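Me: I would like to go through the terms used for this model and ask what each of them rests on.

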Amino acid sequence: MRTATPGRIEIAFSGSIASFPLDTQFSVPAKGVAAIFGPPGCGKTAVARCIAGLEHLPAGFCAIDGDVWQDETTFRPPHLRPIGYVSQDASLFPHLSVRRNLLYGAPKPKPMPIAFDEVVELLDLAPLLDRSPSHLSGGERQRVAMGRALLSQPRLLVMDEPLAALHSRAKREILPFVERLPEKLALPMIYIGHDMAEIERFADYLVLMERGMVTAAGPLHVLQSDPTLPLATSHEAAISLDAVVSGYDGRYGLLILRLKGARLLVPAPPLAPGVHQRLRIAACDVSVAREAPRAGSILNVFPARIRACLSLGTAEITLVLALGTGGSGAEIMARITRFSFDSLGLKDGMDVFAQLKHISLLSASEPPPQTISASTPTAEPGQASAAACNEKLGTRGERHHLKPPLL
Amino acid sequence: MLEYLNLTRMDGFSPEVWQSLGLTIELASVTTVILLIIGTPLAWWLARSKSLWTEAVATIIALPLVLPPTVLGFYLLALLGPNGPVGLLAALWGGRTLAFTFAGLVVGSALSALPLVVQPIRNAFATIGDRPLEIAATLRASPLYAFFTVALPLARPGLLTAAVLGFAHTIGTFGVVLMIGGNIPGRTKVLSAFLFDFVQQSRWREASWLAGAMVMFAVAVVLTLTLIDKYSRRRST
């Protein structure tokens, strides 16, 4: 029999649900945010449902931080799993007020480790408490659903595309709340999504899925620059890195951030030293030079070593670069033309200079970067219009439109 | 004819009619309560189970809708009477037959109204779908707790419809009651049977009073429940 490892989320499900074959195995730390990413219909939701115990695949293993929820001999029913589950449609109970929805899963003896007032403040629910779910917007409903899940005092929060049914404005409103959760609560989180732009903002680990199978799992930035995976060769290739604030240049309004192998200067409002800041460095914002540029406007120029060269169509190449002399620092990517690659005589293992034209600070105040979607291009507008339509129709329409697909 | 419809005086009503009225309301109330208690879990099972038996059971429950009430009454008489299986079983511990008793009436009217009660509740449960119950389960609600806190409140319109239909149907029940009740004044003689007797005896004035009163009563019951539902629904949204 398989034993569970403390400190890890261990998942293995194989079998088929409604004739959809699922063969999923991964293990991620029971800390921070693990994102499951894949195109719609790849079985992400099925995995979430298996973790929650809503689907029962006999050949399954599920252990959270040493606590076995399912193995060959045990299958804990959903109500005995300390899980917080937020689905695409908020599924608020229409017969209960927001306050009673929030308290539905809360254990009766107080006080709770995740306190009511704390959740209300974190998700800004105070103005909604006495309202009925039918009088909430889509984003508000999702916030209530998150609060309700948190107040059930879970040991694992599973969010199954909580933003997928929202139109882009509601998404922007709610993203800051989603980002705040892992930061404010010491609660492992599994976030399921098909939009890399969301995942890049707060995920620590990434599990890639395709056609019911896990194709890769590991730290987000490692998978983003893995030459064997499609993320690095996509046109929107980017790296998410966590830097530490080390100072602020008040004269020029430049934030000083420390990263392994680099000291970055980014125009931004001041932040307290020591604060962790998520950065996004897109491959198209990085260029390379054979020699250190003497006079240029680009602030962030660092020695780096080429780790991999990946063809991107016929005209372009994505380089994986390790920052620092000798390439001992963090990895980023650069997208250059094949013409420059050849004319500079670049090759694998070569020492170059990386020039970072633009670095995005991913924070609540900034709208999410351009969407990278794993879906087919037509899927997005469809969802957006369905969500907009639901706003008009109210609850009755929502129920009908937002019924999530089983898989 | 007009003289029979002279509805200005109520002098024709004997105490037996009032007694019968009380009996009818008692029968309808007891039957409705019993039907809700039995019908709700049955409807839940029919709506949620994936068993192949559900359709077979649903068919049997629906039979009283298509059978003449006298057929149902005949079988009940055979079953519950002194020589029927239930009658013999009851005799083992000194029980009496259920035929020609109030309890027999309850059994008869409950069986004939069962499809009318089960169907709306079943539909209501089916409309709720799996989702709210799954969500309740992920919020630590045991299946029983989820049933009482989520399924029942969400199925309230269906339950109300079922109660109205069950009550009204029992008030108007005639064939089954006549077969199994035996039309004993004060014990099993309900209003519809009284009306039949009045007509038989050509007591048209009493008959029209009774019929009119039953119409008014039916209107009042249905209207009251509809208003209650409307009010409570408005308050909850």
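Predicted model: local features only at pLDDT ≥ 70, side-chain atom pairs only at ≥ 80, totals over all residues.

Reply: Residues are numbered from 1 along each chain as its sequence is written, and chains are lettered from A and ligands numbered from 1 in the order in which they are written.

Me: Why is H1(B) called oblique to H5(B)?

Reply: The axes of helix H1 (residues 15-48) and helix H5 (residues 102-128) of chain B cross at roughly 40° and come within 7 Å, the axes being lines fitted to C-alpha atoms over the stretch in contact, with angles from 0 to 180 degrees between N-to-C directions. Angles under 35 degrees count as roughly parallel, over 145 as roughly antiparallel, 65 to 115 as roughly perpendicular and the rest as oblique, and H1(B) is therefore oblique to H5(B). The residues of this contact comprise 20 nonpolar, four polar and two charged.

Me: What makes S1 and S2 of chain A a pair?

Reply: Pairing requires that DSSP finds at least two bridges between two strands, and 10 bridges join S1 (residues 8-17) to S2 (residues 20-29) of chain A, which run antiparallel. Ile9(A), for instance, has Val28(A) as its bridge partner in S2(A).

Me: Why do S13 and S20 of chain A stand at the edges?

Reply: The open sheet has the order S13-S12-S11-S14-S20 in chain A; S13 (262-267) and S20 (360-361) each have a single partner strand, so one side of each is left without a neighbour in the sheet.

How values were computed:
Helix = DSSP H or I, 4+ residues; strand = E, 2+ residues; numbered from the N terminus. Nonpolar A, V, L, I, M, F, W, Y, C, P; charged D, E, K, R; others polar.
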